[in-house]
Amino acid sequence: MSDKAGSEDPKPQLEEECGDSHHCHSFKERLEACSARVEGGESEGETCVEEFFDFMECVNHCVAPKLFSKLH
Amino acid sequence: MMNRAVFGLGARAAATAARAPVLSPAQALRAQQRFASSSSQSSQSAFGKTKGEAALWFAKAAAASAVVGVSLSTFVLTDERLEPLAQGAASLMAAAGMPTAHAFSTGDNGLHPPHWPWDYNKPWATFDHAALRRGYQVYREVCAACHSMDYIYWRNLVGVSHTEEEVKAMAAEYEYQDGPDENGDMFMRPGKLSDPMPRPYVNDNAARKANGGALPPDLSCIVRARHGDADYIFSLLLGYCEPPAGVTVREGLHYNPYFPGGAIGMARSLYDEVVEYEDGTPNNASQLAKDVTQFLAWASYPEQDQRKKFGFKTIGITAMILTLAIWWKRFKWSHVKSKKFVFQPNAVCARCDCEPMYL
């Protein structure tokens with residue numbers, strides 16, 4: 001009981017850790033580069049959906065086995 | 001008569017002797033050595049004289065091709081200097097009038113949910129019925145404000161998440177229309193076990209009107225009805241986030257990468273501590289989502305526990321019957337399989353005291 005998470009959601013923290021890990025680092029860099037490009041108005045009509053999905057795939061792959069061990 | 005029978009046996013013995021080549025001990029030894037060398041030492045192939053050398057050659061070749069393949073593909077995929085090549089090919093194709101193919105747009109299909117390690121997916125595991133009880137509570141207190149469960153009846157909960165008395169009390173909290181009575185009028189009465197879950201809206205149009213044109217789907221079979229099953233439901237419930245750069249979401253819609261198209265009418269509804277569990281389980285958003293997803297999975301696959309039990313019984317009993325059947329067949333066929341037929345053309349009658357019929 002004691003090692004399980006309290007009423008604080010463990011998912012955002014896990015996602016942040018996984019997003020910063022070396023596995024997903026390159027995807028995060030690409031997403032940030034894309035966001036900077038699009039928000040800076042450098043490319044017309046571009047969206048960062050692909051970069052975001054690639055990054056999230058990586059994060060989910062990392063989070064999925066860890067999250068359920070913290071839940072009941 | 002006697003002679004004939006003896007001659008028959010003698011001829012058979014001679015025939016068997018003639019079939020087997022007669023070898024002297026020295027010859028036999030040489031033959032054995034020849035056989036042994038041919039099996040242990042393969043022919044003088046390009047890969048080496050012995051099997052060991054050939055295996056080493058193959059191992060070296062495999063390692064070398066792995067190194068070359070990985071480095072080449074990394075170079076091709078990541079090197080920016082090769083990008084003009086791909087762009088040049090694309091512009092050539094465009095100049096030739098060949099259309100560009102966009103067979104798959106990731107955003108339109110939604111982000112694939114990961115495979116969450118659901119306990120009930122294990123072949124020997126049942127649903128966690130404490131989780132189903134909590135999940136029902138989440139559905140009742142959060143989801144049921146907009147989502148119906150028309151095909152789940154109060155009686156379905158009995159023995160699954162609640163006792164009969166509890167379900168009766170819960171059903172009686174809602175009013176159902178019944179009738180007609182002796183005057184031909186419809187009347188309202190408290191709910192019974194045989195009533196379905198109450199609907200939040202009288203019909204779909206009312207539901208659309210109240211939700212900005214978006215119809216909250218019925219949740220009775222939602223896990224069956226969505227690609228990705230429970231993984232999708234769980235990811236969707238927690239997947240709300242800021243849209244990535246360049247994506248705009250219309251007023252009244254919300255961005256959720258798991259929803260095909262990204263813009264979903266439903267707002268995020270599961271936050272930490274929106275439901276207070278009676279059993280003291282931590283009520284963070286992930287826990288709420290996990291419990292309600294398991295409840296919805298049960299609603300879609302209510303037969304799961306029974307199905308697994310039957311599956312185990314079926315496989316176990318069939319395996320025993322199969323073993324018995326194999327043994328029985330071999331037992332019955334043993335006479336046939338061990339019978340030996342000998343063809344003796346000259347011995348018409350094997351029993352020596354009888355007359356040969358012809359010859």
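**Reading a predicted two-chain model**

Colleague: Which residues is Gly19(A) in contact with, leaving aside its neighbours within four places in sequence?
Modeller: Contact means heavy atoms within 4.5 Å. On that basis Gly19(A) touches Cys24(A), His25(A), Lys28(A), Phe55(A) and Val59(A), its neighbours within four places in sequence left aside. This is a predicted model, in which local features need pLDDT of at least 70 and side-chain atom pairs count only at pLDDT 80 or more, while totals for chains, interfaces and linings use all residues. Residues are numbered from 1 along each chain as its sequence is written, chains are lettered from A and ligands numbered from 1 in the order in which they are written, and side-chain values use heavy atoms, with hydrogens and water left out.

Colleague: Where is Gly19(A) placed, and is it buried or exposed?
Modeller: Helices (H or I, at least four residues) and strands (E, at least two) are DSSP runs, numbered from the N terminus. Gly19(A) sits in helix α1 (residues 10–20) of chain A. Buried means under 20% relative accessible area, exposed over 50%, partly exposed in between (1.4 Å probe, protein chains only). Gly19(A) has 3%, so it is buried.

Colleague: How many helices and strands does chain B have?
Modeller: Chain B has 12 helices and four strands. Of its 359 residues, 28% are buried. Take contacts in chain B between residues at least 6 apart in sequence: 61% join residues at least 24 apart.

Colleague: At what angle do the axes of α6(B) and α11(B) cross?
Modeller: Axes are lines fitted to C-alpha atoms, for helices over the stretch in contact, and angles run from 0 to 180 degrees between N-to-C directions. Helix α6 (residues 129–141) and helix α11 (residues 285–300), both of chain B, have axes that come within 7 Å and cross at roughly 100 degrees. So α6(B) and α11(B) are roughly perpendicular (65 to 115 degrees; under 35 is roughly parallel, over 145 roughly antiparallel, the rest oblique). Residues making the contact include Tyr136(B) and Tyr139(B) of α6(B), and Phe295(B) and Trp298(B) of α11(B).

Colleague: What does chain B share with chain A?
Modeller: The size of an interface is often given as the accessible area lost when the parts come together. Buried area is that loss (1.4 Å probe), summed over both parts. Chain B and chain A bury about 2,400 Å² between them, and 66% of it is on carbon and sulfur atoms. Leu111(B), Trp116(B) and Ala245(B) supply 22% of the area chain B buries against chain A, more than any other three residues. The contact takes 32 residues from chain B and 27 residues from chain A.

Colleague: How accessible are Asp229(B) and Glu273(B)?
Modeller: Asp229(B), at 30% relative accessibility, counts as partly exposed. Glu273(B), at 47%, counts as partly exposed.

Conventions. Buried area is the accessible area (1.4 Å probe) that two parts lose on being put together, summed over both.
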